[in-house]
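Visitor: I would like to go through this structure with you, one topic at a time. Could we settle one term before the details?

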Amino acid sequence: NGIKVAKGMYLTFLDADDLLTPHKLEAHKLHFDSDQNIDISYSDCHYFETKKPTDLYASFNLTNQEWVEKFRARGESLITRLIDKNLFVVSAPVIKRSSLPETIYFREGMKFYEDWLFWFSCAAANLSFNYCEDRRCSTLIRVHGASAVQDRKKMFLGIPKLRKEIMEILDTTDCISASTKKQLKQKNRKHMEKWCRKHFINSGANILSIKEAVAATDRKTAYS
């Protein structure tokens with residue numbers, strides 16, 4: 001709903017317990033001004049603990065191993081990247097409001113991966129994602145016991161819904177070729193099959209777990 005009522009020229013999102021660096025929005029504005037073809041400008045992110053807010057790390061496990069890919073892409077190249085993993089924390093990108101189609105929004109009812117699905121929808125609408133090299137535009141992610149990414153079991157159970165939504169988006173996008181669309185749909189199905197196998201390992205291949213896998217995916221995927 002926030003996207004619908006927003007009045008400004010740019011959109012960004014921020015989880016309640018995270019932070020934006022003081023000059024992030026200014027740095028992204030300069031990035032947009034440098035190239036009118038930029039639809040989404042995104043940044044690095046750094047992680048911190050509440051008790052040590054000045055100690056910043058490049059990864060969620062509080063190490064300096066960088067994971068953010070730095071690129072300029074749209075369409076097929078970007079969708080191919082996003083089919084496998086989420087490439088951004090929710091507060092890293094800033095969106096040019098005029099570039100965002102009215103049909104793209106955060107899906108209600110999705111408790112996990114809603115940001116990944118949102119970025120995938122943007123990619124499927126042929127929006128360009130561009131890395132901003134200005135070091136002032138990093139976003140700061142708080143790490144604590146209540147972080148959603150630490151709730152592994154619930155996040156695992158949310159994967160089938162994400163994959164079904166991705167399949168529907170692939171059906172409707174017109175910014176990739178028919179052959180690429182077929183390949184990506186096959187890849188997405190492989191991810192669903194992988195989820196089923198892991199579900200059986202975690203829960204055992206019994207009647208209940210099979211029924212859960214069929215309900216979460218479909219009969220063909222569950223029995224593959």
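Predicted model: local features only at pLDDT ≥ 70, side-chain atom pairs only at ≥ 80, totals over all residues.

Visitor: What share of the residues of the chain count as buried?

Guide: Of the 224 residues, 45% count as buried. The accessible surface of the chain comes to about 12600 Å², and carbon and sulfur atoms hold 53% of that surface.

Visitor: How many helices and strands does the chain have?

Guide: There are nine helices and nine strands. As for contacts between residues at least 6 apart in sequence, 71% of them join residues at least 24 apart.

Visitor: Let us turn to the sheet. What is the order of the strands in the open sheet of four?

Guide: The order is β2-β9-β4-β5, and the pairing is mixed. The edge strands are β2 and β5, each of which pairs on one side only.

Visitor: How does β9 run relative to β2, parallel or antiparallel?

Guide: Strands β2, residues 19-20, and β9 run antiparallel and are joined by two bridges. Within that pairing, L19 has L140 of β9 as its bridge partner.

Visitor: And how many bridges join β4 to β9?

Guide: Five bridges join them, and these two strands run parallel.

Visitor: How many residues of β9 are buried?

Guide: Five of the five residues of β9, which spans residues 139-143, are buried, so the strand is largely enclosed by the rest of the structure. T139, I141 and V143 point one way from the strand, while L140 and R142 point the other way, and all are buried.

Visitor: New topic, aromatics. How many aromatic pairs are found in the whole structure?

Guide: The search of the whole structure finds 16 aromatic pairs. One of them is formed by Y47 and F60, with ring centres 5.9 Å apart and planes at 85 degrees, so the pair is edge-to-face. An angle over 60 degrees is what places a pair in that class.

Visitor: Which parts of the chain does that pair tie together?

Guide: Y47 lies in strand β4, residues 45-49, and F60 in the loop between β5 (52-57) and β6 (72-73), so the pair ties together parts that are 13 residues apart in sequence. Y47 counts as buried, at 6% relative accessibility, whereas F60 is partly exposed, with a relative accessible area of 23%.

Visitor: Which residues form the aromatic cluster?

Guide: One aromatic cluster is formed by F13, Y42, F71, F88, F106, F118, W119, F129 and Y131. F71, a member of that cluster, also has the charged end of R81 over its ring, 4.3 Å from the centre.

Visitor: What lies over the face of Y105?

Guide: K4 lies over that face, at 5.8 Å from the ring centre.

Visitor: Changing topic again: how many disulfides are found?

Guide: The search of the whole structure finds zero disulfides. As for individual cysteines, C122 counts as buried at 0% relative accessibility, and C196 is buried with a relative accessible area of 1%.

Visitor: One last residue. Where does T80 lie?

Guide: T80 lies in helix α3, residues 75-82, and is partly exposed, with a relative accessible area of 33%. T80 and A123 are 43 residues apart in sequence, and their C-alpha atoms are 9.6 Å apart in space.

Note on methods:
Residues numbered from 1 in each chain as written. Heavy atoms only, no water. Buried < 20%, exposed > 50% of the residue type's maximum accessible area, 1.4 Å probe, protein only. Contact = heavy atoms within 4.5 Å. Areas by Shrake-Rupley, 256 points an atom, 1.4 Å probe, with all protein chains shown as cover. Phe/Tyr/Trp six-rings, centres within 6.5 Å; stacked < 30°, edge-to-face > 60°. Lys NZ or Arg CZ within 6 Å of the ring centre and 35° of its normal. Pairing = 2+ DSSP bridges. Disulfide = S-S within 2.5 Å.
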